[in-house]
Amino acid sequence: MAYYQMPDHQWLRSVFTRVDADRSGAINANELQSALSNGTWKPFNPETVRLMIGMFDRDHSGTINFEEFSQLWRYVNDWLNCFRSFDTDNSGSIDQQELKQALTTFGYRLSDQFYHILMRKFDRDSKGAINFDDFIQLCVQLQSLTTSFRVHDQDMDGWINISYEQFLTLVFNVCIK
């Protein structure tokens, strides 16, 4: 599917049925990946798909049912609208300057050096820009890490004092979700 517009229930049901290859009534990560497009004619980033399954899989079965799929579809559509609003040159990807504008709008104040790190990590095609699916992954991981950091930032000054093991626990808990 190349376009993520909010479809009617019947159309969305037909998409779900089409990608539910094993006819189990639930779709796994591979099946979901076939329903999504990042705009590059390549499959959605498997890590992003896994992340989204984890977010919407309410019964922790490793799959999502139609109701969860509908919620996920709405979520992806919201991210697509956000992504397009920051893709100011309409290239279909987010360059470093567009990423900085997006994250600044979201309330992050980060150094140019850190934006270089984000670009290296999330520019899977090494083209100097981030695809839609990688943008979702970046934003979700950044938000999860921020939430975990804030648990330890009692006075909200942007600084925490934690042990190495606490740091590892914080990071691995975010990465495993």
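Predicted model: local features only at pLDDT ≥ 70, side-chain atom pairs only at ≥ 80, totals over all residues.
How much of the chain over residues 74–109 is helix, and how far apart are the end C-alpha atoms? The legends below take this up and then visit some helix contacts.

View 1. Residues are numbered from 1 along each chain as its sequence is written, and side-chain values use heavy atoms, with hydrogens and water left out. The unreviewed UniProt entry carries the annotation "domain: EF-hand" for residues 7–42, 74–109 and 110–145; such annotations may be inferred rather than shown by experiment. Residues 74–109 are 64% helix and 6% strand, with end C-alpha atoms 28 Å apart. Residues 110–145 are 69% helix and 6% strand, and here the end C-alpha atoms lie 14 Å apart. Helices (H or I, at least four residues) and strands (E, at least two) are DSSP runs, numbered from the N terminus.

**View 2. Helix H3 against helix H4.** Two packed helices are described by the angle between their axes and the distance between the axes. For H3 (residues 46–56) and H4 (residues 66–86), the angle is about 125° and the axes are 10 Å apart. That makes H3 oblique to H4, oblique being what is left once angles under 35 degrees (roughly parallel), over 145 (roughly antiparallel) and 65 to 115 (roughly perpendicular) are set aside. Axes are lines fitted to C-alpha atoms, for helices over the stretch in contact, and angles run from 0 to 180 degrees between N-to-C directions. On the H3 side, Met52, Ile53, Met55 and Phe56 meet Glu68, Gln71, Leu72, Tyr75 and Val76 of H4, where contact means heavy atoms within 4.5 Å.

**View 3. Helix H1 against helix H4.** The axes of H1 (residues 9–19) and H4 come within 11 Å and cross at roughly 110°. H1 and H4 are therefore roughly perpendicular to each other. From H1, His9, Trp11, Leu12, Arg13, Val15 and Phe16 meet Phe66, Phe69, Ser70 and Trp73 of H4.

**View 4. Ile64 and its neighbours.** Look for Ile64 in the loop between H3 and H4. Is Ile64 buried or exposed? Its relative accessibility is 0%, so Ile64 counts as buried (buried means under 20% relative accessible area, exposed over 50%, partly exposed in between, with a 1.4 Å probe and protein chains only). Leaving out residues up to four places away in sequence, Ile64 touches Phe16, Ala26, Ile27, Leu32, Ile53, Phe56, Asp57, Phe69 and Leu72.
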